[in-house]
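The following exercises are to be worked with the sequence and the model at hand. Each task is followed by a solution in steps.

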Amino acid sequence: MRGLSAALLDDDALARALAVSADRPLLVAVSGGGDSMALLHLLRERLGAEKLIAVIVDHALRAGSAEDARRARALAQTLGVRAEIATLDWAGAPRRAQAHARQARHRALCNAARGLAARVIALAHTGDDQAETLLMRAAAGSNWRGLAGIAPFAGAPVWPHGRGLYYVRPLLDARRLALRGELTARGGAWIEDPANSNRAFERVHVRARLAALEAAGFDPARLMALASRLRARSAELDADAAAMIARAAQFEDDAILLDLKQWDGDPETRRRALSVLVTAASGREREPPGKALARLEARLGAADFRGACLAGARLAPFRDARRLDRDPGALAGRADGAAAMAPLDLPMGVETVWDGRLALTAAESGWSVRASGAGVSLERAGQTVALPAFPGQSEWLLSQRPAHLLNPGS
(Lines give C-alpha, C1' and ligand atoms only; values in the text may rest on other atoms or scores of the structure.)
Protein backbone atom coordinates (compact mmCIF):
# COMPACT_ATOMS: atom_id res chain seq x y z
CA MET A 1 0.00 0.00 0.00
CA ARG A 2 1.66 3.17 -1.14
CA GLY A 3 1.51 6.38 0.85
CA LEU A 4 -0.09 9.55 -0.37
CA SER A 5 2.28 11.87 -2.18
CA ALA A 6 4.08 14.14 0.29
CA ALA A 7 4.21 16.78 -2.47
CA LEU A 8 0.51 17.45 -1.92
CA LEU A 9 1.23 19.07 1.44
CA ASP A 10 2.36 22.68 1.88
CA ASP A 11 5.41 22.15 4.08
CA ASP A 12 5.78 25.84 4.96
CA ALA A 13 2.19 26.16 6.19
CA LEU A 14 2.46 22.91 8.11
CA ALA A 15 5.74 24.02 9.72
CA ARG A 16 4.07 27.22 10.95
CA ALA A 17 1.20 25.18 12.36
CA LEU A 18 3.52 22.81 14.20
CA ALA A 19 5.53 25.69 15.64
CA VAL A 20 2.34 27.11 17.15
CA SER A 21 0.82 23.83 18.29
CA ALA A 22 4.08 22.52 19.82
CA ASP A 23 3.17 19.56 22.04
CA ARG A 24 -0.58 20.15 21.74
CA PRO A 25 -2.88 18.09 19.51
CA LEU A 26 -3.64 19.23 15.97
CA LEU A 27 -7.36 19.31 15.20
CA VAL A 28 -8.44 18.21 11.73
CA ALA A 29 -11.85 19.32 10.44
CA VAL A 30 -13.26 16.18 8.81
CA SER A 31 -16.51 16.03 6.86
CA GLY A 32 -15.86 12.54 5.56
CA GLY A 33 -15.54 13.92 2.00
CA GLY A 34 -12.63 13.16 -0.29
CA ASP A 35 -10.68 16.32 0.49
CA SER A 36 -10.82 16.03 4.27
CA MET A 37 -10.15 12.28 4.24
CA ALA A 38 -7.12 12.86 2.03
CA LEU A 39 -5.88 15.50 4.46
CA LEU A 40 -6.38 13.14 7.39
CA HIS A 41 -4.40 10.39 5.63
CA LEU A 42 -1.60 12.81 4.76
CA LEU A 43 -1.30 14.24 8.26
CA ARG A 44 -1.45 10.80 9.85
CA GLU A 45 1.42 9.63 7.65
CA ARG A 46 3.44 12.77 8.37
CA LEU A 47 2.71 13.31 12.07
CA GLY A 48 1.29 10.08 13.44
CA ALA A 49 -2.27 9.33 14.55
CA GLU A 50 -1.58 10.25 18.18
CA LYS A 51 -0.91 13.90 17.22
CA LEU A 52 -4.34 14.31 15.59
CA ILE A 53 -7.93 14.72 16.70
CA ALA A 54 -10.62 14.67 14.01
CA VAL A 55 -13.62 16.93 14.62
CA ILE A 56 -16.75 16.29 12.57
CA VAL A 57 -19.29 19.11 12.53
CA ASP A 58 -22.85 17.89 12.05
CA HIS A 59 -24.71 20.90 10.68
CA ALA A 60 -28.06 19.26 11.52
CA LEU A 61 -29.69 20.94 8.53
CA ARG A 62 -30.84 17.88 6.58
CA ALA A 63 -32.10 14.38 7.17
CA GLY A 64 -29.24 11.91 7.40
CA SER A 65 -26.61 14.39 8.53
CA ALA A 66 -26.18 12.66 11.90
CA GLU A 67 -25.61 9.31 10.20
CA ASP A 68 -23.06 10.88 7.83
CA ALA A 69 -21.26 12.38 10.84
CA ARG A 70 -21.08 8.95 12.47
CA ARG A 71 -19.72 7.44 9.23
CA ALA A 72 -17.08 10.16 9.05
CA ARG A 73 -16.10 9.47 12.66
CA ALA A 74 -15.79 5.76 11.88
CA LEU A 75 -13.57 6.51 8.86
CA ALA A 76 -11.24 8.55 11.06
CA GLN A 77 -11.19 5.91 13.76
CA THR A 78 -10.18 3.21 11.27
CA LEU A 79 -6.98 5.24 10.83
CA GLY A 80 -6.37 5.16 14.58
CA VAL A 81 -7.27 8.86 14.95
CA ARG A 82 -9.38 10.02 17.86
CA ALA A 83 -12.60 11.53 16.50
CA GLU A 84 -15.41 13.59 17.98
CA ILE A 85 -18.69 14.97 16.61
CA ALA A 86 -19.85 18.54 17.25
CA THR A 87 -23.54 19.00 16.46
CA LEU A 88 -24.80 22.50 15.72
CA ASP A 89 -27.76 23.72 17.76
CA TRP A 90 -30.17 25.90 15.77
CA ALA A 91 -32.62 26.54 18.59
CA GLY A 92 -33.57 30.21 18.48
CA ALA A 93 -31.43 30.90 15.41
CA PRO A 94 -33.14 33.45 13.12
CA ARG A 95 -31.74 31.99 9.87
CA ARG A 96 -30.02 28.88 8.58
CA ALA A 97 -28.53 30.26 5.38
CA GLN A 98 -25.20 28.98 4.10
CA ALA A 99 -23.29 31.97 5.50
CA HIS A 100 -24.81 31.41 8.94
CA ALA A 101 -23.97 27.71 8.76
CA ARG A 102 -20.38 28.56 7.85
CA GLN A 103 -20.01 30.90 10.81
CA ALA A 104 -21.61 28.34 13.12
CA ARG A 105 -19.16 25.72 11.83
CA HIS A 106 -16.21 28.02 12.53
CA ARG A 107 -17.46 28.63 16.06
CA ALA A 108 -17.99 24.92 16.67
CA LEU A 109 -14.47 24.08 15.51
CA CYS A 110 -12.97 26.80 17.68
CA ASN A 111 -14.98 25.73 20.71
CA ALA A 112 -13.83 22.15 20.17
CA ALA A 113 -10.20 23.26 19.88
CA ARG A 114 -10.41 25.27 23.07
CA GLY A 115 -12.00 22.35 24.91
CA LEU A 116 -9.30 19.96 23.69
CA ALA A 117 -6.37 22.32 24.43
CA ALA A 118 -5.49 22.64 20.72
CA ARG A 119 -4.30 25.86 19.09
CA VAL A 120 -4.38 24.89 15.40
CA ILE A 121 -7.18 23.50 13.24
CA ALA A 122 -6.35 21.93 9.87
CA LEU A 123 -8.85 22.39 7.02
CA ALA A 124 -8.90 20.64 3.65
CA HIS A 125 -9.41 23.56 1.25
CA THR A 126 -7.83 22.72 -2.12
CA GLY A 127 -6.55 24.63 -5.11
CA ASP A 128 -9.97 24.16 -6.69
CA ASP A 129 -11.56 25.83 -3.67
CA GLN A 130 -9.09 28.69 -4.05
CA ALA A 131 -9.92 29.22 -7.73
CA GLU A 132 -13.66 29.06 -7.02
CA THR A 133 -13.31 31.57 -4.19
CA LEU A 134 -11.50 34.05 -6.44
CA LEU A 135 -14.19 33.82 -9.11
CA MET A 136 -16.93 34.35 -6.50
CA ARG A 137 -15.16 37.33 -4.95
CA ALA A 138 -14.36 38.89 -8.31
CA ALA A 139 -18.03 38.62 -9.29
CA ALA A 140 -18.96 40.32 -6.02
CA GLY A 141 -16.60 43.24 -6.72
CA SER A 142 -14.08 42.37 -4.02
CA ASN A 143 -10.97 44.51 -3.57
CA TRP A 144 -7.45 43.18 -4.05
CA ARG A 145 -7.22 41.87 -0.49
CA GLY A 146 -10.32 39.77 -1.09
CA LEU A 147 -8.75 38.43 -4.27
CA ALA A 148 -5.80 37.22 -2.20
CA GLY A 149 -8.14 34.33 -1.49
CA ILE A 150 -7.84 31.69 1.20
CA ALA A 151 -4.76 31.87 3.43
CA PRO A 152 -2.58 28.78 4.04
CA PHE A 153 -2.06 29.84 7.67
CA ALA A 154 -4.16 32.44 9.45
CA GLY A 155 -5.92 33.38 12.63
CA ALA A 156 -9.29 31.71 13.10
CA PRO A 157 -11.86 34.02 11.45
CA VAL A 158 -14.43 34.24 14.26
CA TRP A 159 -14.32 36.45 17.33
CA PRO A 160 -14.17 35.96 20.25
CA HIS A 161 -14.37 32.18 19.80
CA GLY A 162 -11.20 32.06 17.69
CA ARG A 163 -8.90 34.24 19.79
CA GLY A 164 -5.49 32.63 20.10
CA LEU A 165 -6.41 29.92 17.57
CA TYR A 166 -5.16 29.37 14.01
CA TYR A 167 -6.26 27.66 10.81
CA VAL A 168 -3.82 25.80 8.58
CA ARG A 169 -4.78 24.77 5.05
CA PRO A 170 -1.94 22.59 3.72
CA LEU A 171 -3.71 21.46 0.50
CA LEU A 172 -4.14 24.81 -1.29
CA ASP A 173 -1.67 23.78 -4.00
CA ALA A 174 -3.35 20.39 -4.55
CA ARG A 175 -6.14 19.63 -7.01
CA ARG A 176 -9.30 17.87 -5.94
CA LEU A 177 -8.99 15.10 -8.54
CA ALA A 178 -5.41 14.35 -7.51
CA LEU A 179 -6.48 13.86 -3.90
CA ARG A 180 -9.27 11.50 -4.86
CA GLY A 181 -6.93 9.65 -7.16
CA GLU A 182 -4.54 9.04 -4.31
CA LEU A 183 -7.34 7.83 -2.05
CA THR A 184 -8.68 5.50 -4.74
CA ALA A 185 -5.22 4.06 -5.38
CA ARG A 186 -4.95 2.96 -1.79
CA GLY A 187 -8.54 1.89 -1.29
CA GLY A 188 -9.41 4.84 0.91
CA ALA A 189 -13.08 5.57 1.45
CA TRP A 190 -14.96 8.84 1.60
CA ILE A 191 -18.51 10.19 1.68
CA GLU A 192 -20.04 12.24 -1.12
CA ASP A 193 -21.79 15.33 0.29
CA PRO A 194 -25.12 15.91 -1.51
CA ALA A 195 -24.59 19.67 -1.09
CA ASN A 196 -21.80 19.44 -3.67
CA SER A 197 -24.41 18.85 -6.40
CA ASN A 198 -27.10 21.19 -5.08
CA ARG A 199 -27.39 23.96 -7.66
CA ALA A 200 -29.13 26.19 -5.13
CA PHE A 201 -25.66 27.02 -3.79
CA GLU A 202 -23.50 29.65 -5.50
CA ARG A 203 -20.31 27.62 -5.19
CA VAL A 204 -21.87 24.72 -7.12
CA HIS A 205 -22.66 27.08 -10.02
CA VAL A 206 -19.13 28.54 -9.91
CA ARG A 207 -17.64 25.05 -9.83
CA ALA A 208 -19.53 24.13 -12.99
CA ARG A 209 -18.43 27.33 -14.73
CA LEU A 210 -14.81 26.74 -13.78
CA ALA A 211 -14.99 23.16 -15.07
CA ALA A 212 -16.33 24.48 -18.39
CA LEU A 213 -13.52 27.03 -18.60
CA GLU A 214 -10.94 24.36 -17.88
CA ALA A 215 -12.44 22.11 -20.57
CA ALA A 216 -12.05 25.02 -22.98
CA GLY A 217 -8.35 25.35 -22.15
CA PHE A 218 -8.21 27.72 -19.17
CA ASP A 219 -5.82 26.62 -16.43
CA PRO A 220 -7.18 27.27 -12.89
CA ALA A 221 -3.56 27.37 -11.73
CA ARG A 222 -3.51 30.95 -13.06
CA LEU A 223 -6.08 31.93 -10.42
CA MET A 224 -4.15 30.04 -7.75
CA ALA A 225 -0.97 31.91 -8.74
CA LEU A 226 -2.79 35.27 -8.67
CA ALA A 227 -4.03 34.56 -5.16
CA SER A 228 -0.51 33.64 -4.09
CA ARG A 229 0.96 36.92 -5.40
CA LEU A 230 -1.75 39.01 -3.76
CA ARG A 231 -1.33 37.14 -0.47
CA ALA A 232 2.35 38.04 -0.51
CA ARG A 233 1.45 41.72 -0.93
CA SER A 234 -1.21 41.42 1.76
CA ALA A 235 1.34 39.90 4.14
CA GLU A 236 3.69 42.85 3.53
CA LEU A 237 0.89 45.32 4.24
CA ASP A 238 -0.07 43.50 7.42
CA ALA A 239 3.54 43.45 8.61
CA ASP A 240 3.83 47.21 8.04
CA ALA A 241 0.52 47.84 9.83
CA ALA A 242 1.54 45.61 12.74
CA ALA A 243 4.80 47.55 13.13
CA MET A 244 2.89 50.82 13.05
CA ILE A 245 0.45 49.61 15.71
CA ALA A 246 3.39 48.58 17.89
CA ARG A 247 4.84 52.10 17.58
CA ALA A 248 1.72 54.21 17.80
CA ALA A 249 -0.91 52.35 19.84
CA GLN A 250 -1.01 52.05 23.60
CA PHE A 251 -3.67 49.72 25.02
CA GLU A 252 -5.17 50.89 28.32
CA ASP A 253 -7.94 48.63 29.64
CA ASP A 254 -10.98 49.53 27.53
CA ALA A 255 -9.35 52.16 25.30
CA ILE A 256 -6.53 52.63 22.82
CA LEU A 257 -4.36 55.76 22.72
CA LEU A 258 -2.86 56.70 19.36
CA ASP A 259 0.37 58.70 19.28
CA LEU A 260 0.00 60.94 16.23
CA LYS A 261 3.75 61.48 16.04
CA GLN A 262 4.14 57.75 15.36
CA TRP A 263 1.13 57.55 13.03
CA ASP A 264 3.15 57.48 9.84
CA GLY A 265 3.64 55.36 6.75
CA ASP A 266 1.81 55.29 3.43
CA PRO A 267 -1.98 55.79 3.34
CA GLU A 268 -2.74 52.11 2.75
CA THR A 269 -0.71 51.08 5.81
CA ARG A 270 -2.41 53.73 7.95
CA ARG A 271 -5.85 52.62 6.80
CA ARG A 272 -5.05 48.97 7.50
CA ALA A 273 -3.78 49.78 11.00
CA LEU A 274 -6.79 51.96 11.81
CA SER A 275 -9.17 49.26 10.54
CA VAL A 276 -7.63 46.76 12.93
CA LEU A 277 -7.78 49.15 15.88
CA VAL A 278 -11.36 50.26 15.23
CA THR A 279 -12.40 46.60 15.20
CA ALA A 280 -10.53 46.00 18.45
CA ALA A 281 -12.22 48.95 20.14
CA SER A 282 -15.70 47.96 18.96
CA GLY A 283 -15.38 44.27 19.82
CA ARG A 284 -17.05 43.38 16.54
CA GLU A 285 -16.17 40.43 14.34
CA ARG A 286 -15.93 42.29 11.03
CA GLU A 287 -13.83 45.27 10.04
CA PRO A 288 -15.46 48.60 9.10
CA PRO A 289 -16.42 49.59 5.53
CA GLY A 290 -13.35 50.64 3.55
CA LYS A 291 -14.58 53.95 2.15
CA ALA A 292 -15.83 55.26 5.49
CA LEU A 293 -12.58 54.17 7.14
CA ALA A 294 -10.48 55.97 4.51
CA ARG A 295 -12.42 59.21 5.07
CA LEU A 296 -11.90 58.95 8.84
CA GLU A 297 -8.19 58.20 8.58
CA ALA A 298 -7.67 61.20 6.29
CA ARG A 299 -9.11 63.47 9.03
CA LEU A 300 -7.40 61.78 11.97
CA GLY A 301 -4.42 64.12 12.31
CA ALA A 302 -6.20 67.37 11.44
CA ALA A 303 -5.82 70.18 13.97
CA ASP A 304 -9.59 70.77 13.98
CA PHE A 305 -10.49 67.09 14.48
CA ARG A 306 -13.28 66.97 17.07
CA GLY A 307 -14.04 63.28 17.04
CA ALA A 308 -16.03 60.73 15.07
CA CYS A 309 -17.79 57.39 15.42
CA LEU A 310 -17.44 54.43 13.06
CA ALA A 311 -18.62 50.82 13.18
CA GLY A 312 -19.26 50.79 16.92
CA ALA A 313 -16.07 52.64 17.90
CA ARG A 314 -15.42 56.27 18.87
CA LEU A 315 -12.38 58.44 18.17
CA ALA A 316 -11.82 61.61 20.16
CA PRO A 317 -8.97 64.13 20.74
CA PHE A 318 -6.96 63.37 23.85
CA ARG A 319 -4.17 65.85 24.62
CA ASP A 320 -1.84 65.57 21.62
CA ALA A 321 -3.08 62.07 20.79
CA ARG A 322 -6.34 60.35 19.82
CA ARG A 323 -8.41 58.13 22.12
CA LEU A 324 -10.19 55.17 20.55
CA ASP A 325 -12.87 53.35 22.53
CA ARG A 326 -16.38 51.89 22.32
CA ASP A 327 -19.09 54.15 20.91
CA PRO A 328 -21.53 54.63 23.82
CA GLY A 329 -24.38 55.32 21.41
CA ALA A 330 -23.88 51.99 19.65
CA LEU A 331 -23.49 50.22 22.99
CA ALA A 332 -26.82 51.63 24.16
CA GLY A 333 -28.55 50.97 20.84
CA ARG A 334 -28.84 54.66 19.94
CA ALA A 335 -26.49 54.65 16.96
CA ASP A 336 -25.01 52.60 14.13
CA GLY A 337 -28.13 50.47 13.71
CA ALA A 338 -27.08 48.07 16.47
CA ALA A 339 -29.32 46.77 19.23
CA ALA A 340 -28.52 47.74 22.80
CA MET A 341 -26.26 45.36 24.69
CA ALA A 342 -28.51 43.30 26.96
CA PRO A 343 -27.42 42.40 30.51
CA LEU A 344 -25.55 39.10 30.60
CA ASP A 345 -25.53 36.62 33.48
CA LEU A 346 -22.11 35.21 34.41
CA PRO A 347 -22.04 31.49 35.25
CA MET A 348 -19.72 30.78 38.16
CA GLY A 349 -16.26 29.57 37.15
CA VAL A 350 -16.88 29.79 33.40
CA GLU A 351 -15.19 32.41 31.24
CA THR A 352 -17.72 34.66 29.48
CA VAL A 353 -16.83 37.27 26.88
CA TRP A 354 -18.89 40.45 27.03
CA ASP A 355 -19.24 42.74 23.99
CA GLY A 356 -16.25 41.06 22.34
CA ARG A 357 -13.95 43.14 24.56
CA LEU A 358 -13.91 41.77 28.09
CA ALA A 359 -13.41 38.21 29.34
CA LEU A 360 -14.98 37.63 32.76
CA THR A 361 -14.92 34.64 35.10
CA ALA A 362 -17.05 34.99 38.24
CA ALA A 363 -15.84 33.32 41.42
CA GLU A 364 -19.40 33.46 42.83
CA SER A 365 -22.85 32.85 41.37
CA GLY A 366 -25.37 35.62 40.78
CA TRP A 367 -23.17 38.13 38.97
CA SER A 368 -24.26 39.87 35.77
CA VAL A 369 -22.63 42.40 33.47
CA ARG A 370 -24.31 45.28 31.65
CA ALA A 371 -23.48 48.38 29.66
CA SER A 372 -22.99 51.52 31.72
CA GLY A 373 -22.43 54.53 29.51
CA ALA A 374 -19.43 53.57 27.39
CA GLY A 375 -18.19 51.30 30.16
CA VAL A 376 -19.24 48.22 32.07
CA SER A 377 -21.24 47.62 35.25
CA LEU A 378 -20.98 44.43 37.33
CA GLU A 379 -23.95 43.68 39.55
CA ARG A 380 -25.07 41.08 42.07
CA ALA A 381 -28.16 41.16 44.28
CA GLY A 382 -28.54 44.92 43.86
CA GLN A 383 -24.84 45.52 44.50
CA THR A 384 -22.78 47.29 41.84
CA VAL A 385 -19.00 46.98 41.83
CA ALA A 386 -16.13 48.18 39.69
CA LEU A 387 -13.87 45.72 37.92
CA PRO A 388 -11.04 45.82 40.50
CA ALA A 389 -13.52 44.72 43.19
CA PHE A 390 -15.07 41.96 41.07
CA PRO A 391 -14.58 38.55 42.79
CA GLY A 392 -13.13 36.61 39.91
CA GLN A 393 -10.93 37.18 36.89
CA SER A 394 -11.24 39.81 34.19
CA GLU A 395 -9.17 40.64 31.13
CA TRP A 396 -9.65 43.33 28.50
CA LEU A 397 -9.20 41.72 25.07
CA LEU A 398 -8.45 44.80 22.99
CA SER A 399 -4.73 44.12 22.75
CA GLN A 400 -5.40 40.58 21.48
CA ARG A 401 -7.30 41.76 18.41
CA PRO A 402 -4.45 43.20 16.30
CA ALA A 403 -2.60 39.88 16.20
CA HIS A 404 -5.84 38.13 15.27
CA LEU A 405 -6.93 40.57 12.58
CA LEU A 406 -3.53 40.91 11.00
CA ASN A 407 -3.86 37.24 10.06
CA PRO A 408 -7.33 37.27 8.45
CA GLY A 409 -8.86 33.89 7.73
CA SER A 410 -11.48 32.94 5.15
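The model is predicted, with local features requiring pLDDT of at least 70 and side-chain atom pairs pLDDT 80 or more, while totals for chains, interfaces and linings use all residues. Residues are numbered from 1 along each chain as its sequence is written, and side-chain values use heavy atoms, leaving out hydrogens and water.

**Exercise 1.** Determine the setting of Glu297 and its side-chain polar contacts.

Step 1. Glu297 belongs to helix H10 (residues 290–299); helices are DSSP runs (H or I) of at least four residues, strands (E) of at least two, numbered from the N terminus.

Step 2. Its relative accessibility is 6%, so Glu297 counts as buried (under 20% relative accessible area, 1.4 Å probe, protein chains only).

Step 3. The Glu297 side chain forms a polar contact of 2.9 Å with the side chain of Trp263 and one of 2.9 Å with that of Arg270 (N or O atoms within 3.5 Å, one able to donate a hydrogen and the other to accept it; residues adjacent in sequence count only if both atoms are side-chain atoms).

Conventions
Buried means under 20% relative accessible area, exposed over 50%, partly exposed in between (1.4 Å probe, protein chains only).
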